[in-house]
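Thank you all for coming; I would like to walk slowly through one protein today, and please have its sequence and structure open while I talk.

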Amino acid sequence: MRVAVLDDYQQAAHHFADWQSLDAEVTFLHEHITDDDALAEALRGYDVVVAMRERTPFTAERFERLPDLRLLVTTGMANASIDVAAAERHGVTVCGTQSPATATPELTWGLILSLLRHIPAESTGVREGQWQHSIGGDLYGRTLGIVGLGRLGSRVAAVGRAFGMRVLAWSSNLEPATARERGAEPVSKQTLFSEADIVTVHYKLSERSMGLIGTEELSWMKSTAYLVNTSRGPLIDTEALVDALIEGRIAGAGLDVYEVEPLPADAALRTAPRTVLTPHIGYVTEGTYRVFYGEAVEDIAAWAAGEPVRRLTP
């Protein structure tokens, strides 16, 4: 059995699981492969592929070009970039792993604090011999707007309350009673964007939610408000966001996710003002990787034994 582990950017996947327990040849691929031909060639002869989140899409066309593939393991129990129905048609089993709910909310607050207290700029200033050149904002008494109050958004809400913030929440199917149980005030979409000092996005990506936040939603925001996205890049209209930043219609943005990843070298966001940008590291922690890769090995062993676990179906 031959196993390919994709997109091991940090060259660390081999540390977080007992790959040697598998009766297999395991190869770790460190560079992201975007080209269809290159991917087909790189994965030729591999029975098993381990995919990291949505970094590498597996479309019907790609399954056509991977005749040796029999098991595809994705980290997490949902992956919008895998055509699971196409996998089934091509005889490919798709399995997932659990995904801890703690890491991304923690990074969310890192971005929020970095924006409000100008931490990246002040850190750079100290290294360059400067001293105190900005005035930070406050969290206490301010309003936090959470778009999507699921298992991640709920954790962000709890921290917001701990900071003494008023917490608002909206999603298309949010039940008011559920919002209140999770410590948030249910409001309309426009009310959330109009009243929040910080809007943070924790929404599931689907065809319906792409472009969920665009020109109209950004126009509702206060010029002193910040937008944070640690969910999925396509939820926000990037062009509209860049325009709002350049024109000063919002105070700033903290982003961990992008429409195209890795973020292209010529992306307008790289030079947009008042931003804190991180390279989709919301889930990239030691604890999360132990779960991801540890359970990936379990998935492979169970599949090889004829008893797949955590199987994903169309």
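This is a predicted model: local features need pLDDT of at least 70, side-chain atom pairs count only at pLDDT 80 or more; totals for chains, interfaces and linings use all residues.

Residues are numbered from 1 along each chain as its sequence is written, and side-chain values use heavy atoms, with hydrogens and water left out.

The secondary structure of the protein comes to 11 helices and 12 strands, where helices (H or I, at least four residues) and strands (E, at least two) are DSSP runs, numbered from the N terminus. The radius of gyration, taken over C-alpha atoms, is 21 Å, close to the 20 Å that the globule rule (2.2 Å times the number of residues to the power 0.38) gives for 314 residues, so the protein is as compact as a globular protein of that length. Along the principal axes, the C-alpha atoms fill a box of roughly 60 × 50 × 30 Å.

Of the 314 residues, 48% count as buried; buried means under 20% relative accessible area, exposed over 50%, and partly exposed in between, with a 1.4 Å probe and protein chains only. Among contacts (heavy atoms within 4.5 Å) with a separation of 6 or more, 62% come from residues 24 or more positions apart.

How many aromatic pairs does a search of the whole structure find? The search finds nine, where rings of Phe, Tyr and Trp (its six-membered ring) pair if their centres lie within 6.5 Å, and planes under 30 degrees apart count as stacked, over 60 as edge-to-face and the rest as tilted. In one of the pairs, the rings of Phe 16 and Tyr 289 have centres 5.7 Å apart and planes at 90°, so this pair is edge-to-face. Phe 16 lies in the loop between β1 (2-5) and β2 (25-28) and Tyr 289 in helix α11, so the pair ties together parts that are 273 residues apart in sequence. Phe 16 counts as buried at 17% relative accessibility, and Tyr 289 counts as buried at 3%. Ring pairs also link Phe 16, Trp 19, Phe 28, Tyr 289 and Tyr 293 into a cluster.

Finally, Pro 279 lies in the loop between β12 (275-277) and α11 (286-304). Is Pro 279 buried or exposed? Pro 279 is exposed, with a relative accessible area of 64%, and its C-alpha is 8.4 Å from that of Glu 261, which is 18 residues away in sequence.
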